[in-house]
Amino acid sequence: MSHQHPLRTPSRVVLGGFLAAMGVLHLTSGRKGFQIAVPDWMPGDKDTTVVISGLAELAVGLGVLSGRHQKAFGRLAALLFTAVFPGNIHQYENHLDAAPLLDTDEKRRNRLLLQPPLVWWALESTRQD
């Protein structure tokens with residue numbers, strides 16, 4: 001018989017909401033700020049990259065929230081958190097401000113340190129025992 005930790009579902013719901021909200025921000029008021037994080041070596045237009053990543057975050061967030069195929073959506077969320085890591089490094093190394101949340105090197109460094117726990121969160125909150 002499967003036994004799931006009682007915090008797994010609330011954790012998954014928060015993760016899905018977080019991803020969906022970030023996706024919406026990519027497509028609306030945060031769009032310009034997210035463009036700052038796109039490395040210069042990325043092919044194509046920075047705005048297109050932000051729109052595509054926003055749509056991906058929104059779709060994965062909604063998938064995580066649905067509770068269906070949660071292990072697959074958890075892996076996709078972990079992949080998204082991993083895929084944006086080069087942009088986070090780019091923003092940190094080049095001292096690029098995205099006010100108000102990422103307007104110091106310390107805040108940008110802390111975001112880098114946050115990426116591994118985000119990957120873990122995505123995998124753990126969607127794990128099926």
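Visitor: At what angle do helix 1 and helix 4 pack, and how far apart are their axes?

Guide: In this predicted model, the angle between helix 1 and helix 4 is about 50°, and their axes are 12 Å apart.

Visitor: Which residues of helix 1 and helix 4 meet?

Guide: From helix 1 they are Arg12, Leu15, Phe18 and Leu19; from helix 4, Gln70, Ala77 and Phe81.

Visitor: What span does helix 1 have, and what span is expected?

Guide: Helix 1 covers residues 8-27, which is 20 residues. From first C-alpha to last, helix 1 reaches 29 Å, close to the expected 28 Å.

Visitor: Which residues of helix 1 are buried, and how do you know that they line one face?

Guide: The buried ones are Arg8, Arg12, Leu15, Gly16, Leu19, Ala20, Gly23 and His26. Viewed down the axis of helix 1, they fall within an arc of 125°, so they line one face of the helix. They pack against helix 2 (31-37), helix 3 (46-66), helix 4 (70-83) and helix 6 (105-125).

Visitor: Why is Thr49 called buried?

Guide: The cut-off for buried is under 20% relative accessible area. Thr49 has 19%, so Thr49 is buried. Thr49 is found in helix 3. Apart from its neighbours within four places in sequence, Thr49 is in contact with Val38, Met42 and Pro43.

Technical notes
Residues numbered from 1 in each chain as written. Predicted model: local features only at pLDDT ≥ 70, side-chain atom pairs only at ≥ 80, totals over all residues. Heavy atoms only, no water. Helix = DSSP H or I, 4+ residues; strand = E, 2+ residues; numbered from the N terminus. Expected span 1.5 Å × (residues − 1). Buried < 20%, exposed > 50% of the residue type's maximum accessible area, 1.4 Å probe, protein only. Arc of directions from axis to C-beta. Contact = heavy atoms within 4.5 Å. Axes fitted to C-alpha atoms, helices over the stretch in contact; angles between N-to-C directions.
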